[in-house]
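Please look over the sequence and the 3D structure shown below. The report that accompanies them is written for a reader who is new to structural terms.

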Amino acid sequence: MGAVGTFRFDLCTLPPEAEALRGEVREFLRETLGDMPPVKRARSWGGFDREFTRTVAARGWIGMTWPRRYGGHERSALERYVVLEEMLAAGAPVGAHWIADRQSGPLLLRFGTEAQRERFLPAIARGELALAIGMSEPDSGSDLASIRTRAERVDGGYRVNGTKVWTSNVHRADYMIALFRTRVVPEKKHEGLSQFLVDPKSPGITIRPIIELSGAHHFNEVVFQDAFVPEDMRVGEEGAGWKQVGAELAFERSGPERYLSCLALLVELIRAAPADPGERMAVAIGRLVAHLATLRQMSLSVAGMLQRGENPNLEAALVKDLGTNFEQEIPEIVHGLLGCEPTARGSDLQQVLGYLVQHAPSFSLRGGTREILRGIIARGLGLR
Amino acid sequence: MSELRSILADTVTRLFTDRVTKDVLETAEQGQWPAALWQALEESGLTLPLVTEKQGGAGGTWGDAHVLLAAAGRFGPPVPLAETIIASWLLSESGLEVPLGPLTVAPVHRGDVLRLERGSGGWRLSGTARRLPWGGSAGHLVVVTSPDGPASGARAMVALVAAGHAQVTPDHNLALEPRDTLVFDNTPVLTAAPAPPLIPGDIVWLCGALARSAQMAGGLESLLAQTVQYAGERKQFGKPIGSFQAIQWQCAILGEQTAAAASAAASAFSAADRSGPAEATFEIAVAKSRTGEAAGIGAGIAHQVHGAIGFTYEHSLHFVTRRLWSWRAECGGESYWAERLGREAASRGADALWPYITSR
């Protein structure tokens, strides 16, 4: 019997400069968001507002950790973490830069050509370039390596045929980073994949909306029919796509957005509670507060590992699965405690509940399903 | 983890690996005091982490105590290590001499009130202390009292009482750790002193919850290690059961609960080092309620994966799970601490939730 050394969650204390930044961000959000209604705050990083994104960029809070020569600000990962958690906690509409700041920018920094970095990173950091991610296909969800969209070499680039689905916000984005099959290697589906920067307005690309059960439109189907992608828009080496996507998904899984999506509802639940709540309500709220505080500590600990240049893949998967369970539990608990009907109108609580009840099922799907995460965790524990 | 702390972790892990054998655990359950184990702990200087070096202790931090208590959770040594750590800290903080040998602390049961009165020839103690860990076998007892009961803000008193002066009714918890009831009737006290201002009347309750959080988090680590190992070894349908997704899922959830418990406990000890346990009530409440919930889920999964063999006395799994089931309720269960957190959150108000969480 001994300690399990497979995962580590060392406590992370934020440095003073990060805490000082928190005050600035809060002040900015108070001024910029004003009295934005709770139901809008509940959209979290689903809110897409280019003007807001440009304002955030002007403060230097996009591409914070990137080198200055690419428009970045060379600040620490922990300072960036504070900006992210404050934006999420306030329900700021960060959707127009979230993807680029979180994963596309770091991907280009690591694997992109110098020309790609110079062209795209400063524009992202200025808040002028929104990116979308094209990975899933109609027959390839969790089994991502089975994608079939083909990019065949032609003169000066590639000819692309196939279909991507669940491509969030590509109808509003300036570019998408898509994963295509550049070579078919029988029996080796992880080989022959490559990533590309694609202009969604190019000829041969058709974007069709996929409406969510709530009636909202984020998702799209993207059909490629002999679409041309220039050679210099390939990201990284041909055939290295799987490795690159793995690194990208680690960024996608490790942030505070994986436990804060229902914070707006917990806030409204506390608002609905009397100053002297009954025992049942106090226990329910207190338990959620304990989970929230613990998840934040765990999430910060992952941020600390990223700051030190470590690779917290297992830890990120643990926090994401715990975090999305927590997010999905909050609407359930509000239901059970108050029995109030989730609606589109009515009280703030009802509206926030209405929005989140309809969106919560996606929390344990996006960025790697619960099932995939638990597989990653089991492998990390030595079981696969 | 600092270098000194990882040396401490290695020392205590080695000692427990050698000394907390199945035989020691089983004979302790039959009522035998594991004298050799206690002696080894004392000789290695592991029982007084929070006592100043001048007073014969290690002069360490709550972070050091955390290392020892998490290890105690993993191995389940049948001795009052947590109680001795807390009791000796209380004596040291109050400027009182720390005696050798195992100590226990009171009161640990909600509603128990102990009264300290100055009589002819010194202080005397009266009242009933229920379910004291090793109450009948510890050499000395450290009592914290306050004039208006344990929850009041009045200046507390810390007193040291020698064993053998109380009327003892022996009992034990599910893990067969002694939980004895002691009745004091004008009992003479060895020494007593006013506690420093940062030690309130409910300090034993708070520190007890803090210690049990670390022990439960340690217990979960042991469950995870045993369960993953068993899932890799046990074969059914021609392959290790750990190759089945259903079992992998269970182990993944156990891993998540173990990680959450460890983080919550570590955070509370770190807060205790920043500002003292009394000012770390929020983190202690979070830790006790979160580790307790994790303990319930974790024990269930560990038994499910181990199947019938884990349900036997022959197997060693129960040395951990019976402790978790007991510790979970001691010094306030999940609902007690959650209710406190919930009431505080409601009185601070909805918009203070996030600022408060990030200020801790």
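What follows is a report on the chains, their domains and the contacts between them.

## How to read the model

This is a predicted model, in which local features need pLDDT of at least 70, side-chain atom pairs count only at pLDDT 80 or more, and totals for chains, interfaces and linings use all residues. Residues are numbered from 1 along each chain as its sequence is written, chains are lettered from A and ligands numbered from 1 in the order in which they are written, and side-chain values use heavy atoms, with hydrogens and water left out.

## Chain B as a whole

The secondary structure of chain B comes to eleven helices and ten strands, where helices (H or I, at least four residues) and strands (E, at least two) are DSSP runs, numbered from the N terminus. The radius of gyration of chain B is 21 Å, close to the 21 Å that the globule rule gives for 360 residues, so the chain is as compact as a globular protein of that length; this radius is taken over C-alpha atoms, and the globule rule is 2.2 Å times the number of residues to the power 0.38. Along the principal axes, the C-alpha atoms of chain B fill a box of roughly 75 × 55 × 40 Å.

One local feature of this chain is a cis peptide bond, with omega about 0 degrees, that joins Ala106(B) and Pro107(B). Pro107(B) is found in the loop between S1 and strand S2 (114-119) of chain B.

## The two domains of chain B

Chain B is assigned domain 1 (3-194) and domain 2 (203-359), with bounds that come from an automatic or database domain assignment. The C-alpha centres of domain 1 of chain B and domain 2 of chain B lie 23 Å apart, and 35 residues of domain 1 of chain B are in contact (heavy atoms within 4.5 Å) with 32 residues of domain 2 of chain B. Between them the two domains of chain B bury about 2800 Å², 64% of it on carbon and sulfur atoms; buried area is the accessible area (1.4 Å probe) that two parts lose on being put together, summed over both. Trp62(B), His66(B) and Arg74(B) supply 20% of the area that domain 1 of chain B buries against domain 2 of chain B, more than any other three residues.

Side chains of opposite charge can pair when their charged atoms come close. Across the interface of domain 1 of chain B and domain 2 of chain B there are five salt bridges, each a side-chain nitrogen of Lys or Arg within 4 Å of a carboxyl oxygen of Asp or Glu. Arg322(B) forms a salt bridge with Glu29(B), the closest N and O atoms being 2.7 Å apart. Helix H2 (22-29), helix H4 (62-75), helix H5 (81-93) and strand S1 (103-106) of chain B each supply at least two residues of the side of domain 1 of chain B that touches domain 2 of chain B, and H4(B) gives the most to that side, with nine residues.

## Where chain A meets chain B

How many residues does the contact take from chain A and from chain B? It takes 52 residues from chain A and 50 residues from chain B, and the area buried between the two chains is about 4300 Å², of which carbon and sulfur atoms give 70%. Three salt bridges are counted between chain A and chain B; Arg287(A) forms a salt bridge with Glu293(B), the closest N and O atoms being 2.8 Å apart.

The elements that give two or more residues to the side of chain A that touches chain B include helix H1 (16-33), helix H9 (279-307) and helix H10 (313-338) of chain A. The largest share of that side, 15 residues, comes from H9(A).

## Within chain A

Chain A is divided into domain 1 (16-129), domain 2 (133-239) and domain 3 (254-380). The centres of domain 2 of chain A and domain 3 of chain A, taken over C-alpha atoms, are separated by 31 Å, and five residues of domain 2 of chain A are in contact with four residues of domain 3 of chain A. The area buried between domain 2 of chain A and domain 3 of chain A is about 380 Å², and zero salt bridges are found across their interface.

Elsewhere in the chain, Arg296(A) forms a salt bridge with Glu85(A), the closest N and O atoms being 2.8 Å apart. This pair links distant parts of the chain, with Arg296(A) in helix H9 of chain A and Glu85(A) in helix H4 of chain A, 211 residues apart.
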